[in-house]
Amino acid sequence: MSDLVLSTLDSNNVLHLRLNRPEARNALSRPLISALAGALRAAASDEAVRVVLLSGGDKQFCAGADIKEFVAEGGAVLEDRQRIENWAAIESFPKPMIAAVEGYAFGGGFELALLADIVIAAENARFGFPEINLGLFPGDGGTQRAARTAGKALAMKLILTGEPIDAATALDAGLVTELVPAGDAAVRAGALAALIAAKPPIALRLAKASVLAAFEVPLAAGLLQERQLIARAFATEDRMEGVTAFKEKRPPVFKGR
């Protein structure tokens, strides 16, 4: 594991991944993106990992793209095939992922937070797309995911002005799941991750896939996919365990089968 991403698996089957470029405010250099993608690829196939908790520093989640790379290489950075594949690996991570955001999540950092399934933000968090000030705009999914989540009006304001919004505004817009006092984002995210990690792993992955389909396909196709996925959940041993435990009035023990 690269020291650019600190990794710890806790006793609740939650993998804690922490961006670790404090000297660059966790700017998303290609090596950092590669390290994060590598950690998530490994987590995707590791049965011991049921949920991922992604965090940054105490004062910032992520400042965005590494500007030094753009200065040195220009648009070639975004066209780099390995970078594209690594970002795709983060986008397609199949298990639940929770982001704990303290301080600012700007540019690519905001886009990274948008890839999480649940975002716990400290009250001091700020979210923004400052790329327009550099003659650019979000290029890792920001224009699409912000518009789909927050709506056209706020997405346009964020992207065209470059001005950030506070955590309360992000919560109202659906960009954030919960607000907590400054310093408590990772603690609350950890508690939520532990709660989710206790659920049946296969059903978690199928449920995530079904919800995400709502952003990708028309309603009829989404409903069809939902029925197909729930049929797969019905066929699992965990479904039988859940029903049996309910009848026996005991906590279920899910094994991911």
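1. In this predicted model, the side chains of Glu 178 and Arg 188 form a salt bridge in which the closest N and O atoms are 2.8 Å apart. Because Glu 178 belongs to strand β10 (residues 178–180) and Arg 188 to helix α9 (residues 185–197), the pair ties together parts that are ten residues apart in sequence. Both partners are partly exposed, Glu 178 with a relative accessible area of 23% and Arg 188 with one of 30%.

2. A salt bridge also joins Asp 140 and Arg 83, with an N to O distance of 2.8 Å. Asp 140 sits in the loop between β8 (126–128) and α6 (142–150), whereas Arg 83 is part of helix α4 (residues 81–91), so this contact ties together parts that are 57 residues apart in sequence. Asp 140 counts as buried because its relative accessibility is 13%, under the 20% cut-off, and Arg 83, at 6% relative accessibility, counts as buried too.

3. Arg 257 and Glu 237 meet through their side chains in a salt bridge at 3.3 Å, N to O. Glu 237 lies in helix α12 and Arg 257 in the segment after α12 (237–248), and the pair therefore ties together parts that are 20 residues apart in sequence. Here Arg 257 is partly exposed, with a relative accessible area of 47%, and Glu 237 is likewise partly exposed, at 49%.

4. Beyond these pairs, Arg 21, Glu 23 and Asp 66 are linked in a network of salt bridges. For the structure as a whole, the count is eleven salt bridges.

Conventions. Residues numbered from 1 in each chain as written. Predicted model: local features only at pLDDT ≥ 70, side-chain atom pairs only at ≥ 80, totals over all residues. Heavy atoms only, no water. Salt bridge = Lys/Arg side-chain N within 4 Å of Asp/Glu carboxyl O. Helix = DSSP H or I, 4+ residues; strand = E, 2+ residues; numbered from the N terminus. Buried < 20%, exposed > 50% of the residue type's maximum accessible area, 1.4 Å probe, protein only.
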